[in-house]
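Here are my notes on the model, as numbered points. Have the structure open while you go through them.

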Amino acid sequence: MGSLDSFEAGIVTVDVKTAKNLLHSGYAFLDVRTVEEFKEGHVANEKIVNIPYQFNSPDGRVKNDQFLEEVSAVFKKDDRLVVGCRSGVRSLLAIEDLRNDGFEHLTDLGGGHLAWLAYGFPVAKPKVKTTDPKSVDLQADEL
């Protein structure tokens, strides 16, 4: 399928080629970037949800205190998820919290969205119908 970049602290991090294969095999994609980052473009996948792990504030980024509750409202603990952010740091933090909350099948997108872009993989931009970032229509830039 592809190579694993790391297996640190029980977290499996895969390269973008492997992540793309996982998504094509039925995994959902959990994008933990900010809503603003998500609107700029995201992984083109049918099963994608944006739930920010952190929010921008005047004092910098602050943790989304509702993160676990929001993820649990969308996904079951045994769903298979690829988790990604911009470069791979927030996704590792998010996975650690999700694992501690009982989520079982979590895979980190190594290098994040930047690595996805570097490989030229399909990107989509949402047309937001509501203020809810989880309620979007996808418009693929390339498929």
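1. Let me start with C85, which touches V32, R33, R90, S91, G112 and H113, leaving aside residues up to four places away in sequence; contact here means heavy atoms within 4.5 Å. C85 sits in the loop between β8 and α4. Helices (H or I, at least four residues) and strands (E, at least two) are DSSP runs, numbered from the N terminus. With a relative accessibility of 3%, C85 counts as buried; the cut-offs are under 20% relative accessible area for buried, over 50% for exposed and partly exposed in between, using a 1.4 Å probe and protein chains only.

2. A word on what you are looking at. This is a predicted model, where local features need pLDDT of at least 70 and side-chain atom pairs count only at pLDDT 80 or more, while totals for chains, interfaces and linings use all residues. Residues are numbered from 1 along each chain as its sequence is written, and side-chain values use heavy atoms, with hydrogens and water left out.

3. The overall picture: the protein has 5 helices and 11 strands. Of its 143 residues, 43% count as buried. Among contacts with a separation of 6 or more, 57% come from residues 24 or more positions apart.

4. Back to the surroundings of C85, this time from D31. C-alpha to C-alpha, D31 and C85 are 5.8 Å apart in space, although 54 residues apart in sequence. D31 lies in strand β3 and is a buried residue, at 2% relative accessibility. What does D31 touch, not counting residues up to four places away in sequence? The list is F38, H42, V49, N50, I51 and G84. The side chain of D31 also makes a polar contact with the side chain of R33, at 2.9 Å. A polar contact is a pair of N or O atoms within 3.5 Å; within protein, one must be able to donate a hydrogen and the other to accept it, and residues adjacent in sequence count only if both atoms are side-chain atoms.

5. Leaving out residues up to four places away in sequence, L81 touches Y27, A28, F75, F103, H105, L106 and T107. The C-alpha atoms of L81 and D31 are separated by 10.0 Å, and the two residues are 50 apart along the chain.

6. Now helix α1 (residues 16-24). Its buried residues are V16, T18, A19, L22 and L23. They cover an arc of only 155° around the axis, so they lie on the same side of α1; the arc is that of the directions from the helix axis to the C-beta atoms. Which elements do the buried residues of α1 pack against? They pack against β2, β3 (28-31), β4 (42-43), β8 (80-84), β9 (105-109) and α5 (112-118).

7. D15 caps the N-terminal end, with a side-chain oxygen 3.3 Å from the backbone nitrogen of K17. After α1 comes G26, which has a positive phi, near 115°.

8. T13, in strand β2 (residues 11-14), is buried with a relative accessible area of 8%. Its side chain makes a polar contact with the side chain of D108, at 3.1 Å.

9. For helix packing, see α3 (residues 67-74) and α4 (residues 89-100), which pack at an angle of about 70° with their axes 11 Å apart. Axes are lines fitted to C-alpha atoms, for helices over the stretch in contact, and angles run from 0 to 180 degrees between N-to-C directions. That angle makes α3 roughly perpendicular to α4; angles under 35 degrees count as roughly parallel, over 145 as roughly antiparallel, 65 to 115 as roughly perpendicular and the rest as oblique. F67, L68 and V71 in α3 meet A94, D97 and L98 in α4.

10. Last, N64, in the loop between β7 (60-63) and α3. N64 counts as buried at 3% relative accessibility. Its side chain reaches the backbone oxygen of P52 at 2.8 Å.
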